[in-house]
Amino acid sequence: MLYNVWKYFKNPVYREYHNAPSAYKKTVFLSLLKWNLVIGLSIVIFNYTLSNVLGFDMGEHSTEKFFSQNSIGVIFLAVSIMAPIVEEVLFRGPLVYFRNSPYFKYSFYTSVLLFGIIHIFNFEGDTQLYYYTPLLIAPQLITGIFLGYIRVKLGLKWSILFHATFNTVLIGPILLLKILNIPME
C-alpha cells in the first residue's frame, strides 16, 4: 500500500477507485492510517532528538496552550471534527476541479505544500525556528500526501474521516490525561 502512495505521489492523476468494495476501501484506509502514524511519529521523534542534539528550541506548540485553556469537549470538537472538515474542504476539496486538467499534478502538489505550510503556525518560537520549517512540517506534508491520495481514490468523505481519525488518535492520550486529571508535564 505504501508503494502505491509513493508511485501515485511521483505522478498524481485523478483516477478514483470506482466500484471498489467497501472492504477494500477499509483496508486502504486502515493501512494508510497505520503508515501515516508510524512515519509521522517517527519524524516527530527525530525532530525532537535533533533539536536536543543541536540545542535549538522548537518553541511552544500552540496546541499546548489550546489544550490547557479548553475543555475536553471543545478540544475534541475543534481537533477531531471541525479541523478535519474545514481543512479537507479547503485543501483537498478543490482537487475535483482539476480532475480533467493537465495541471492536476500541480494542484495536488500545491494542496500538499499549503497544508504543510499552514501548520508552521502551530509553532511559537523565534525566527531561528523558521530555518527548520521543512523538518517541522514534514509530518504534515506526509499526512497531506496520504490525505490527497485518499481524497482522489476514495472520495472527500473518506479523507475527512481519515483526518478525523488521525487527529483523534494523536490527541486521545492527551484527552485521557485531561479526563483523569493527570498533569501533562
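Predicted model: local features only at pLDDT ≥ 70, side-chain atom pairs only at ≥ 80, totals over all residues.
Figure 1. A pair of aromatic rings is described by the distance of the centres and the angle of the planes. For Tyr8 and Phe108, the ring centres lie 5.4 Å apart and the planes meet at 80°; because an angle over 60 degrees counts as edge-to-face, the pair is assigned to that class. Tyr8 belongs to helix H1 (residues 2-10) and Phe108 to helix H5, so that the pair links distant parts of the chain, 100 residues apart.

**Figure 2. The aromatic cluster that includes Tyr8 and Phe108.** Ring pairs join Trp6, Tyr8, Phe9, Tyr14, Phe104, Phe108, Tyr109 and Tyr149 into a cluster. Over the whole structure, the search returns 12 aromatic pairs.

**Figure 3. Packing of helix H4 against helix H5.** Two packed helices are described by the angle between their axes and the distance between the axes. Helix H4 (residues 72-92) packs with helix H5 (residues 104-118) at an angle of about 140°, and the two axes are 9 Å apart. H4 and H5 are therefore oblique to each other. On the H4 side, the contact is formed by Glu87, Phe91 and Arg92; H5 contributes Ser111, Leu114, Phe115 and Ile118. By class, the residues of this contact comprise 4 nonpolar, 1 polar and 2 charged.

**Figure 4. Arg92 and the ring of Phe115.** Arg92 of H4 and Phe115 of H5 are among the residues that make the contact between these helices. The charged end of Arg92 is placed over the Phe115 ring, at 4.4 Å from the ring centre.

Conventions:
Residues numbered from 1 in each chain as written. Heavy atoms only, no water. Axes fitted to C-alpha atoms, helices over the stretch in contact; angles between N-to-C directions. Helix = DSSP H or I, 4+ residues; strand = E, 2+ residues; numbered from the N terminus. Parallel < 35°, antiparallel > 145°, perpendicular 65-115°, else oblique. Contact = heavy atoms within 4.5 Å. Nonpolar A, V, L, I, M, F, W, Y, C, P; charged D, E, K, R; others polar. Phe/Tyr/Trp six-rings, centres within 6.5 Å; stacked < 30°, edge-to-face > 60°. Lys NZ or Arg CZ within 6 Å of the ring centre and 35° of its normal.
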